[in-house]
Amino acid sequence: DVLLFRRCVEKFSQSLSIRRGIPYSKTARNRETGEVIAFQANTPEVDEVAILAMRFRLFYAQGEPTQFQKILKIVRRRVQDDWADGYLDKLDIWYKEAMKDTQVSNDLGHPITNREIIDLWFNSEFFHSEPKKREALENIHAVIGEAPSLFQLYVAIGRCGAHLQSLYSVVHRLDASHQFTYTPNYHFGRQKEGHLE
(Lines give C-alpha, C1' and ligand atoms only; values in the text may rest on other atoms or scores of the structure.)
Protein backbone atom coordinates (compact mmCIF):
# COMPACT_ATOMS: atom_id res chain seq x y z
CA ASP A 1 0.00 0.00 0.00
CA VAL A 2 2.86 2.39 0.78
CA LEU A 3 4.47 1.74 -2.61
CA LEU A 4 1.12 2.34 -4.32
CA PHE A 5 0.67 5.51 -2.25
CA ARG A 6 4.05 6.77 -3.46
CA ARG A 7 3.20 6.14 -7.11
CA CYS A 8 -0.16 7.87 -6.73
CA VAL A 9 1.37 10.91 -5.01
CA GLU A 10 3.92 11.22 -7.83
CA LYS A 11 1.10 11.34 -10.41
CA PHE A 12 -0.94 13.71 -8.24
CA SER A 13 2.09 15.99 -7.84
CA GLN A 14 2.53 16.11 -11.63
CA SER A 15 -1.07 17.27 -11.95
CA LEU A 16 -0.58 19.87 -9.20
CA SER A 17 2.58 21.18 -10.87
CA ILE A 18 0.63 22.47 -13.90
CA ARG A 19 -1.44 24.82 -11.70
CA ARG A 20 -1.39 28.48 -12.67
CA GLY A 21 0.40 30.00 -9.70
CA ILE A 22 -0.91 30.42 -6.20
CA PRO A 23 -4.72 30.27 -5.93
CA TYR A 24 -6.22 33.69 -5.21
CA SER A 25 -9.62 35.28 -5.19
CA LYS A 26 -11.16 38.76 -4.96
CA THR A 27 -14.52 39.59 -3.48
CA ALA A 28 -16.32 42.87 -4.13
CA ARG A 29 -18.93 44.02 -1.61
CA ASN A 30 -21.56 46.71 -1.54
CA ARG A 31 -20.09 49.48 0.64
CA GLU A 32 -23.33 50.18 2.42
CA THR A 33 -24.77 46.71 2.98
CA GLY A 34 -21.62 44.54 2.88
CA GLU A 35 -23.40 42.22 0.45
CA VAL A 36 -21.14 40.32 -1.97
CA ILE A 37 -21.66 41.68 -5.49
CA ALA A 38 -18.78 39.97 -7.33
CA PHE A 39 -16.33 37.08 -6.89
CA GLN A 40 -13.28 36.43 -9.04
CA ALA A 41 -10.66 33.68 -8.72
CA ASN A 42 -7.94 32.05 -10.76
CA THR A 43 -9.68 28.68 -10.66
CA PRO A 44 -8.82 26.46 -13.63
CA GLU A 45 -11.59 25.15 -15.89
CA VAL A 46 -13.86 22.62 -14.18
CA ASP A 47 -12.37 19.79 -16.28
CA GLU A 48 -8.87 20.57 -14.94
CA VAL A 49 -10.21 20.58 -11.37
CA ALA A 50 -11.91 17.24 -12.15
CA ILE A 51 -8.53 15.74 -13.12
CA LEU A 52 -7.03 16.92 -9.82
CA ALA A 53 -10.09 15.54 -8.03
CA MET A 54 -9.68 12.17 -9.76
CA ARG A 55 -6.09 11.90 -8.55
CA PHE A 56 -6.92 13.24 -5.07
CA ARG A 57 -9.81 10.78 -4.65
CA LEU A 58 -7.28 7.97 -4.17
CA PHE A 59 -6.17 9.64 -0.92
CA TYR A 60 -9.63 10.76 0.18
CA ALA A 61 -12.03 7.84 -0.34
CA GLN A 62 -12.39 5.47 2.61
CA GLY A 63 -12.17 2.26 0.56
CA GLU A 64 -8.92 3.17 -1.19
CA PRO A 65 -5.72 1.39 -0.09
CA THR A 66 -3.90 4.72 -0.55
CA GLN A 67 -6.25 6.77 1.67
CA PHE A 68 -4.14 9.35 3.53
CA GLN A 69 -5.05 8.40 7.09
CA LYS A 70 -4.78 4.68 6.37
CA ILE A 71 -1.19 5.11 5.12
CA LEU A 72 -0.42 7.40 8.04
CA LYS A 73 -1.58 4.70 10.49
CA ILE A 74 0.46 2.00 8.74
CA VAL A 75 3.60 4.10 9.00
CA ARG A 76 2.88 5.32 12.54
CA ARG A 77 2.51 1.74 13.82
CA ARG A 78 5.96 0.89 12.55
CA VAL A 79 8.04 3.91 13.50
CA GLN A 80 10.13 3.48 16.60
CA ASP A 81 11.41 7.02 16.88
CA ASP A 82 9.65 9.54 19.12
CA TRP A 83 10.52 12.41 16.78
CA ALA A 84 9.06 10.61 13.74
CA ASP A 85 5.94 9.71 15.72
CA GLY A 86 5.50 13.36 16.74
CA TYR A 87 5.84 14.51 13.12
CA LEU A 88 3.28 11.96 11.92
CA ASP A 89 0.90 13.21 14.63
CA LYS A 90 1.38 16.76 13.33
CA LEU A 91 0.71 15.68 9.73
CA ASP A 92 -2.52 14.07 10.90
CA ILE A 93 -3.54 17.25 12.75
CA TRP A 94 -2.65 19.53 9.82
CA TYR A 95 -4.58 17.35 7.36
CA LYS A 96 -7.66 17.34 9.61
CA GLU A 97 -7.40 21.13 10.03
CA ALA A 98 -7.27 21.52 6.25
CA MET A 99 -10.42 19.40 5.95
CA LYS A 100 -12.22 21.50 8.60
CA ASP A 101 -11.28 24.86 7.05
CA THR A 102 -14.13 27.02 5.72
CA GLN A 103 -12.16 30.07 4.59
CA VAL A 104 -13.58 30.63 1.08
CA SER A 105 -17.25 30.06 1.92
CA ASN A 106 -16.91 31.67 5.36
CA ASP A 107 -15.68 34.89 3.71
CA LEU A 108 -18.92 34.82 1.73
CA GLY A 109 -21.04 34.44 4.86
CA HIS A 110 -21.95 30.75 4.51
CA PRO A 111 -19.21 28.51 6.02
CA ILE A 112 -18.91 25.05 4.49
CA THR A 113 -16.01 22.79 5.50
CA ASN A 114 -13.55 21.63 2.87
CA ARG A 115 -14.49 18.02 3.68
CA GLU A 116 -18.14 18.79 2.90
CA ILE A 117 -17.36 20.67 -0.31
CA ILE A 118 -15.12 17.80 -1.47
CA ASP A 119 -17.78 15.25 -0.58
CA LEU A 120 -20.53 17.13 -2.39
CA TRP A 121 -18.56 17.73 -5.60
CA PHE A 122 -17.22 14.16 -5.65
CA ASN A 123 -20.58 12.51 -4.98
CA SER A 124 -22.85 14.69 -7.07
CA GLU A 125 -20.74 16.01 -9.91
CA PHE A 126 -17.48 14.16 -10.60
CA PHE A 127 -17.77 10.49 -9.57
CA HIS A 128 -21.35 9.82 -8.52
CA SER A 129 -24.74 11.43 -9.07
CA GLU A 130 -26.44 11.15 -5.70
CA PRO A 131 -29.61 13.31 -5.81
CA LYS A 132 -29.37 14.45 -2.17
CA LYS A 133 -25.75 15.51 -2.61
CA ARG A 134 -26.63 17.29 -5.86
CA GLU A 135 -29.43 19.17 -4.09
CA ALA A 136 -27.09 20.14 -1.23
CA LEU A 137 -24.47 21.40 -3.70
CA GLU A 138 -27.07 23.38 -5.64
CA ASN A 139 -28.25 24.95 -2.37
CA ILE A 140 -24.68 26.05 -1.64
CA HIS A 141 -24.41 27.46 -5.17
CA ALA A 142 -27.65 29.38 -4.65
CA VAL A 143 -26.14 31.05 -1.57
CA ILE A 144 -22.47 31.63 -2.48
CA GLY A 145 -22.34 30.80 -6.20
CA GLU A 146 -20.80 27.99 -8.22
CA ALA A 147 -17.51 29.83 -8.85
CA PRO A 148 -16.65 30.20 -5.13
CA SER A 149 -17.71 26.60 -4.50
CA LEU A 150 -15.41 25.30 -7.25
CA PHE A 151 -12.61 27.59 -6.03
CA GLN A 152 -12.95 26.21 -2.49
CA LEU A 153 -12.74 22.67 -3.88
CA TYR A 154 -9.61 23.62 -5.85
CA VAL A 155 -7.98 25.25 -2.80
CA ALA A 156 -8.95 22.34 -0.53
CA ILE A 157 -7.38 19.78 -2.87
CA GLY A 158 -4.20 21.85 -3.07
CA ARG A 159 -3.97 22.38 0.67
CA CYS A 160 -4.57 18.71 1.48
CA GLY A 161 -2.17 17.84 -1.33
CA ALA A 162 0.63 19.63 0.50
CA HIS A 163 0.15 17.23 3.43
CA LEU A 164 0.12 14.26 1.05
CA GLN A 165 3.45 15.42 -0.30
CA SER A 166 4.80 15.74 3.26
CA LEU A 167 3.79 12.14 4.01
CA TYR A 168 5.36 11.11 0.71
CA SER A 169 8.64 12.70 1.88
CA VAL A 170 8.48 10.52 5.01
CA VAL A 171 8.06 7.28 3.03
CA HIS A 172 9.73 8.19 -0.29
CA ARG A 173 12.33 5.40 0.03
CA LEU A 174 10.51 3.01 2.33
CA ASP A 175 10.37 -0.60 1.13
CA ALA A 176 11.22 -4.10 2.37
CA SER A 177 14.96 -3.62 1.85
CA HIS A 178 15.10 -0.01 3.10
CA GLN A 179 12.97 0.28 6.23
CA PHE A 180 13.68 3.90 7.06
CA THR A 181 11.40 6.92 7.23
CA TYR A 182 12.53 10.51 6.81
CA THR A 183 11.21 13.29 9.02
CA PRO A 184 12.43 16.79 9.93
CA ASN A 185 15.23 17.06 12.47
CA TYR A 186 12.88 18.52 15.04
CA HIS A 187 10.79 17.11 17.87
CA PHE A 188 7.10 17.79 17.19
CA GLY A 189 5.95 16.49 20.57
CA ARG A 190 3.13 18.25 22.38
CA GLN A 191 4.05 21.32 24.40
CA LYS A 192 3.02 21.30 28.06
CA GLU A 193 4.04 24.21 30.28
CA GLY A 194 7.13 24.91 28.18
CA HIS A 195 8.27 21.27 28.07
CA LEU A 196 7.88 18.55 25.47
CA GLU A 197 5.73 15.62 26.53
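Select Gly-63 to begin. Gly-63 is exposed, with a relative accessible area of 76%. Exposed means over 50% relative accessible area, buried means under 20%, and partly exposed lies in between (1.4 Å probe, protein chains only). Gly-63 is found in the loop between H2 and helix H3 (68-78).

A word on what is on screen. This is a predicted model, where local features need pLDDT of at least 70, side-chain atom pairs count only at pLDDT 80 or more, and totals for chains, interfaces and linings use all residues. Residues are numbered from 1 along each chain as its sequence is written, and side-chain values use heavy atoms, with hydrogens and water left out.

**Whole chain**

Zoom out and colour by secondary structure. The protein chain has eight helices and four strands. Helices (H or I, at least four residues) and strands (E, at least two) are DSSP runs, numbered from the N terminus. Read from that end, the order is α-β-β-α-α-α-α-α-α-α-β-β. Along the principal axes, the C-alpha atoms fill a box of roughly 60 × 40 × 30 Å. Of the 197 residues in the protein chain, 41% are buried.

**Helix H6**

Select residues 114-126. Show side chains here. Among the buried ones are Ile-117, Ile-118, Leu-120, Trp-121, Phe-122 and Phe-126. Asn-114, Asp-119, Asn-123 and Ser-124 are buried too.

Next, bring up the neighbours. The buried residues of H6 pack against helix H2 (46-60), helix H4 (82-100), helix H7 (131-144) and helix H8 (146-171).

Move to residues 25-29 and 36-41. These are strands S1 and S2, which run antiparallel and are joined by five bridges. Two strands pair if DSSP finds at least two bridges between them. Pick Arg-29: Val-36 in S2 stands opposite. Six residues lie between the strands of this hairpin. Stop at Gly-34, which takes a positive phi near 80°.

**Charges**

Last, colour the charged side chains. The protein chain has 26 positive and 26 negative ones. Lys and Arg count as positive, Asp and Glu as negative; His and the chain ends are not counted. Each charge is placed at NZ of Lys, CZ of Arg, CG of Asp or CD of Glu. The centres of the two sets lie 4 Å apart.

Note on methods
Contact means heavy atoms within 4.5 Å.
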